[in-house]
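I opened the notebook to record what I looked up in this structure, residue by residue and then for the whole chain.

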Amino acid sequence: MVLEGDGPVYGMNGHGGGGLRMESEYIRRHHRHVTGDNQCSSALVKHIKAPVHLVWSLVRRFDQPQKYKPFISRCVVQGDLEIGSVREVNVKSGLPATTSMERLELLDDNEHKLRMRIVGGDHRLKNYISIITLHPEVIDGRPGTLVIESFVVDVPDGNTKDETCYFVEALIKCNLKSLADVSEKLAVQDRTEPIDRH
């Protein structure tokens, strides 16, 4: 498992004080994946300087992942947005895929938890399941959000577990950085006080 804050990336055995204990507890409670012999799994953590409700307003939009996921150019959801809904996302060029079909398996507005499964597409991510959870925290005296995203996926033929995890972790890190950038920009706009024009 990988923990990524604003600083260096920590493994689960890293030294980070009380924060790592809470992160470990959230991962234990919300991010359990049954991992087979030919699969890899990991969890990544990002601290965002924006309140949970604001970050969740972006994450929960299964129909609009391109709002913060930089590798997605377009998304079309088949049918109403509900558990079991399938979205087709178009992937921007530069990645080894053009489309991905993804099913929404869990959307919990109380727990701030979303789980999705890749069910098709022209890529090598087979049996991919992702869970993302949001947890309130205080950062620099302001409301912040601890975001944890975990996954499990088959290791493709010709690749190692390390190579597969490294690739998926790199994509998730980019997505989480973008989520932080978009959320923090919205939070700054949200905090802006009206200018007093006396």
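Predicted model: local features only at pLDDT ≥ 70, side-chain atom pairs only at ≥ 80, totals over all residues.

**Entry 1: an arginine in a strand**

I looked up R74 and noted that it counts as partly exposed, because its relative accessibility is 46%, where buried means under 20% relative accessible area, exposed over 50% and partly exposed in between, with a 1.4 Å probe and protein chains only. Residues are numbered from 1 along each chain as its sequence is written, and side-chain values use heavy atoms, with hydrogens and water left out.

R74 is found in strand β4; helices (H or I, at least four residues) and strands (E, at least two) are DSSP runs, numbered from the N terminus. Leaving aside residues up to four places away in sequence, I found R74 touching E88, V89 and N90, a contact being heavy atoms within 4.5 Å. I also checked R74 against Q64, which is 10 residues away along the chain, and their C-alpha atoms are separated by 8.2 Å.

**Entry 2: strand pairing**

Next I followed β4 to its partner, and I noted that β4 (residues 72-78) and β5 (residues 86-91) run antiparallel and are joined by 6 bridges; two strands pair if DSSP finds at least two bridges between them. One bridge I looked up sets C75 against V89 in β5. Strand β5 is also joined to β6 (residues 99-108) by 5 bridges, again antiparallel, and there I found E102 in β6 as the bridge partner of R87.

**Entry 3: a serine in β8**

Is S130 buried or exposed? I recorded S130 as buried, because its relative accessibility is 5%, and I placed it in strand β8 (residues 129-139). The side chain of S130 makes a polar contact with the side chain of E149 at 2.9 Å; such a contact is a pair of N or O atoms within 3.5 Å, and within protein one must be able to donate a hydrogen and the other to accept it, with residues adjacent in sequence counting only if both atoms are side-chain atoms. Beyond four places in sequence, S130 touches L114, R115, M116, E149, S150 and F151.

**Entry 4: the whole chain**

Finally I noted that the protein has 3 helices and 9 strands, and that buried residues make up 44% of its 198 residues.
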